[in-house]
Amino acid sequence: MLAKTFGAAVYGVNASIITIEVAVAQGLHFHLVGLPDSAVKESEQRVEASLKFFGYRMPRQKVVVNLAPADVRKEGSAYDLPIALCVLQASEQVTTQRNLDDYVIMGELALDGTLRPIKGVLPIAIEARKKGYKGFVLPVENAQEAAIVNQLDVIGVKTMQEAVEFFEGKKDIAPIVSDTRDLFLSQINAYDADFSHVQGQENIKRAMEIAAAGGHNVIMIGPPGAGKTMLAKRLPSIRPPLTLQEALETTKIHSVAGKLGSRANLMATRPYRSPHHTISDAALVGGGSFPQPGEISLAHNGVLFLDELPEFKRSALEVMRQPLEDRKVSISRAKWAVEFPASFMLIASMNPCPCGYYNHPEKECVCGPGVVQKYLAKVSGPLLDRIDLHVEVTPVSFDQMTANRPAETSEAIRERVIRARDIQTLRFTDKPGVYCNAMMPSQMVKEVCEINDAGRALLRTAMDRLGLSARAYDRILKVARTIADLAASEEIKIEHLAEAIQYRSLDRESWAG
């Protein structure tokens, strides 16, 4: 007898349908074919234990399990449930009223037949609907996540026996229904951290507003305890809300990485990732034997915060340079390649020197000659070249810290940011791949960021007197364009340029002199 159903394999952030066929014939042994990895091969033991637990048996005949297409590698333990159901049907231990091949079935079996949650459910559900399957049978812990996809019957089951009874017609299981859009809209700006909690630091808040409005990367330089981490945590709360498309992209990545949890639903807020400086290259950018998304992909459509930037391994920072430009990560192997999206805002922080007190208004730096330059040199020029705003953070005074003056809320700042982004959306309507000022290539900067003679004179003077490097030129113009957008100004005025110039601290030749 032959039984057939369907599963799926996830590559990158997309899924491919896998056909699972089981044939029982005369002979001996269990054969699993179709390029399975070790976890798939071990399914024989889990399936046999689960069958025995519920009073069934593994046929003492030749059992051939084929996972097609046979030339695509299959990974993970999520094929246990479809294999078990096909074995039962092929050995005529159960008679199904519902057709197995109308459904995509996935789930890892415990030895007592209960189902454990799996990764990558959302892309599998999207592919199942796209291919026209009637439903998706999976562990109940993952059902809420799959229910994000409408027009697909999502059947959550707790045990193998429950799945058997469903296909036999002995048990009706109501499909999980989720009102995704209403839930998404109700949580769209539900951030825990708010700028109203920050006392003082008005100049840094202004820099964060500019960064959010133009999509600019930021590096904050200041002594320990000045509030760099606190300010970075609040940046997602002033960025424009996620669109449904962005939310779906972000949720897919977190689903593949297994980061959504059992009560998963569409992600409504922008992600904030803050990896430790001991992180490996593969964990930061993505990769491994079976490529998984790294921190920069988990920060897609959100913020990646690198605290104490010079402490990160040089190699980890260097492999991040290309994704910062391309806004995606391509991981290539001998036979295939996968792509993870990585459109994120980079927020970095660092102390000005090893002791942390160089340029401090009150405390004296104890670092020796040349130590400051050596410390700053840990961050390469090409990486620094991709950061538009350099912001010096000074400690908040006791009077500012204890003042009970009401601070501006994230919502008020976000409204100004959204207005500036609307201007940019209109500006870049006919420019594919460019959505904000930070994405403009050099040629477009010349077209969009025109300045008058007075502005050119100011910029020339600034570059000469402050010793600004040539790479600062485009960055200053992009930031000035964003400042003008925040002011709803069609032209870049002198005051916009002047404000942009002050955000190039690390380009000054005298900064670490």
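In this predicted model, the axes of helix α2, which covers residues 43–53, and helix α3 come within 10 Å of each other and cross at roughly 55°. That angle makes α2 oblique to α3, and the crossing in which α2 passes α3 is right-handed. The residues that meet are S43, R46, V47 and L51 on the side of α2, and D80, I83, A84, V87 and L88 on the side of α3. The points below go on to other helices, the cores, the cysteines and some features of the backbone.

**Helices that pack together**

- Two packed helices are described by the angle between their axes and the distance between the axes.
- For α8 and helix α18, the latter made of residues 410–427, the axes come within 8 Å and the crossing angle is roughly 35°.
- When α8 passes α18, the crossing is right-handed, and the residues that meet are E209, A212, A213 and G214 from α8 with I413, R416, V417, A420, R421 and Q424 from α18.
- Helix α22, which runs over residues 494–501, has H496, L497, E499, A500 and I501 as its buried residues.

**Nonpolar cores**

- The largest nonpolar core holds 68 residues, and L81, V104, F136, V137 and M160 are the ones with the most contacts inside this core.
- Helix α3, which covers residues 80–90, supplies the largest share of this core with 8 residues.
- Which residues does V104 touch, leaving aside its neighbours within four places in sequence? V104 is in contact with F6, G7, I17, I124, A128, Y133, G135, F136 and V137.

**Cysteines**

- A disulfide is a covalent bond between the sulfur atoms of two cysteines.
- The count of disulfides in the model comes to 0, and C353 is accordingly in no disulfide, with the nearest cysteine sulfur, that of C355, lying 3.5 Å away.
- C353 has a relative accessibility of 0%, so this residue counts as buried.
- C449 is buried, because its relative accessible area of 3% falls under the cut-off of 20%.

**A buried threonine in a strand**

- T19 belongs to strand β2, which spans residues 14–25.
- Is T19 buried or exposed? With a relative accessible area of 18%, T19 is buried, since the cut-off for that word is under 20%.
- Setting aside neighbours within four places in sequence, the contacts of T19 are K4, T5, F6, N66, L67 and A68.

**Backbone features in loops**

- The peptide bond that joins A68 and P69 is cis, with an omega of about 5°, and P69 is found in the loop between strand β4 (62–68) and helix α3.
- L35 is not a glycine, yet this residue has a positive phi of about 55°, and L35 lies in the loop between β3 (30–33) and α1 (38–41).
- N301, which is not a glycine either, has a positive phi of about 65°, and its place is in the loop between α12 (295–298) and β14 (303–306).
- The relative accessibility of L35 is 42%, so L35 counts as partly exposed, whereas N301, at 7%, counts as buried.

**The protein as a whole**

- The secondary structure comes to 22 helices and 18 strands, and the C-alpha trace spans about 90 × 50 × 45 Å along its principal axes.
- The protein has 513 residues, of which 54% count as buried.
- Among the contacts in the protein with a separation of 6 or more, 74% are accounted for by residues 24 or more positions apart.

Conventions
Residues numbered from 1 in each chain as written. Predicted model: local features only at pLDDT ≥ 70, side-chain atom pairs only at ≥ 80, totals over all residues. Heavy atoms only, no water. Core = buried A, V, L, I, M, F, W, Y, C linked by side-chain atoms within 4.5 Å. Buried < 20%, exposed > 50% of the residue type's maximum accessible area, 1.4 Å probe, protein only. Helix = DSSP H or I, 4+ residues; strand = E, 2+ residues; numbered from the N terminus. Contact = heavy atoms within 4.5 Å. Disulfide = S-S within 2.5 Å. Axes fitted to C-alpha atoms, helices over the stretch in contact; angles between N-to-C directions. Parallel < 35°, antiparallel > 145°, perpendicular 65-115°, else oblique. Left-handed = near helix turned anticlockwise from the far one by under 90°.
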